Amino acid sequence: MRRADRYREEAAAESGAARSAHILEVRKVVTDLKMIADVGIVNVYEDTDTIKAAIHHLGDYIQSMENQRDQACDGAWLPAGSVVDLRKRMASGWMPQVGEIALIKNGIVWRCVHHWDEDWPSMVLMMVQAYDFMQFSQADKKNAWGSNCYETSSIRKELDGRILDELFGEEKVLLGEWSPAGIGSKLFLLSTGEAGYERDERAFDWFHGYGENLENAHRVLTDRDGDPCKWWLRSGVQGEGSLERCVYTDGKMDSAYSSTACGVVAACYIEAT
């Protein structure tokens, strides 16, 4: 049993991809032990029952690791690698906590920022880094600084088209629509309310109910190079047709002309199967 204990202790100290690799390593040990048992080599050992118990123990351990909530790993959630996998876990009752990394797909890391699990398991995920930099909308002869109308913005067209395809491919059909962002929105920018700036019921849990400093820390994001960046929200500045709300590098709400470039931090809504 010492081998099983050693693997359990090592797994508890690992995280993320390292744990996933560890599952494969432990599975190989189980396969080897089963092969030994099948050919009867265990009979040469004095304590056959101990070896058989180790096989059973490690098999259960792998299953618990794959269920993502093994107590030996401090209950840490292992990120899913696909929307299919994530939805299956949700349907079976395994939900990431708000703030945990729920999904890593095509190199993009998604954090759970809100979830509902009482009636029908569902959650909102948000990128942990800006995916790209772009204008909210392009300048034209009517709007020299661009328009802050999200519904007709060029950034929404990119989210609904190119970016959605790049990030999710065929799995895009598995994403739910977030109606507050408009009909058909599967990738969307957060509103000022959802980002917690308006202190109302619309705030997602990751931005709601914390002290001011922690709230700001939750909104401080970087680009994929690790540099602090401003990122767009989808709420316009009232009375200003070209000014759009964004989050400054310190996590405080800011604004910028729609024709300037800020980070694109998308969110998506996912329901259980």
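A residue is called buried if its relative accessible area is under 20%, exposed if the value is over 50%, and partly exposed in between (1.4 Å probe, protein chains only). The structure is a predicted model, in which local features need pLDDT of at least 70, side-chain atom pairs count only at pLDDT 80 or more, and totals for chains, interfaces and linings use all residues. Residues are numbered from 1 along each chain as its sequence is written, and side-chain values use heavy atoms, with hydrogens and water left out.

Asn148 is buried, with a relative accessible area of 15%. Helices (H or I, at least four residues) and strands (E, at least two) are taken as DSSP runs and numbered from the N terminus; Asn148 is located in the loop between β4 (132-135) and α5. Polar contacts are pairs of N or O atoms within 3.5 Å; within protein, one atom must be able to donate a hydrogen and the other to accept it, and residues adjacent in sequence count only if both atoms are side-chain atoms. The side chain of Asn148 reaches the backbone oxygen of Glu240 at 2.5 Å and that of Leu243 at 2.8 Å. With contact defined as heavy atoms within 4.5 Å, and leaving aside neighbours within four places in sequence, the residues touched by Asn148 include Phe136, Gly236, Val237 and Ser258.

Arg234, in strand β5 (residues 231-236), is also buried, at 11% relative accessible area. Its side chain reaches the backbone oxygen of Leu189 at 2.6 Å, and a polar contact of 2.8 Å links the side chains of Arg234 and Glu194. Among the other residues in contact with Arg234, not counting those up to four places away in sequence, are Tyr150, Trp178, Pro180 and Glu244.

A nonpolar core is a set of buried Ala, Val, Leu, Ile, Met, Phe, Trp, Tyr and Cys residues joined through side-chain atoms within 4.5 Å. The largest such core has 56 residues, of which Trp110, Leu125, Met126, Leu167, Phe168, Leu187 and Leu190 touch the most other members. Helix α5 (residues 154-168) supplies the largest share of this core, 6 residues. Leu187 is in contact with Leu159, Ile163, Leu164 and Ala266, among others, when residues up to four places away in sequence are not counted. In soluble globular proteins, nonpolar side chains tend to be buried together.

Two strands are taken to pair if DSSP finds at least two bridges between them. An open sheet is formed by 4 strands in the order β1-β2-β3-β9, with antiparallel pairing. Its edge strands, each pairing on one side only, are β1 (101-105) and β9 (267-271). Strand β3 (residues 122-127) is joined to β9 by 5 bridges, and Met123 has Ile270 in β9 as its bridge partner. Helix α4 (residues 83-91) lies across β1, β3 and β9 and runs at about 50° to β9; axes are lines fitted to C-alpha atoms, for helices over the stretch in contact, and angles run from 0 to 180 degrees between N-to-C directions.

Asn106 is found in the loop between β1 and β2 (108-116). This residue is exposed, at 52% relative accessible area, and its phi is near 55°, a positive value in a residue other than glycine.

With a disulfide defined as a pair of cysteine sulfur atoms within 2.5 Å, the count is 0. The sulfur of Cys262 is 4.6 Å from the closest cysteine sulfur, in Cys246, which is too far for a bond. Cys262 is buried at 4% relative accessibility, and Cys112 is buried at 0% relative accessible area.
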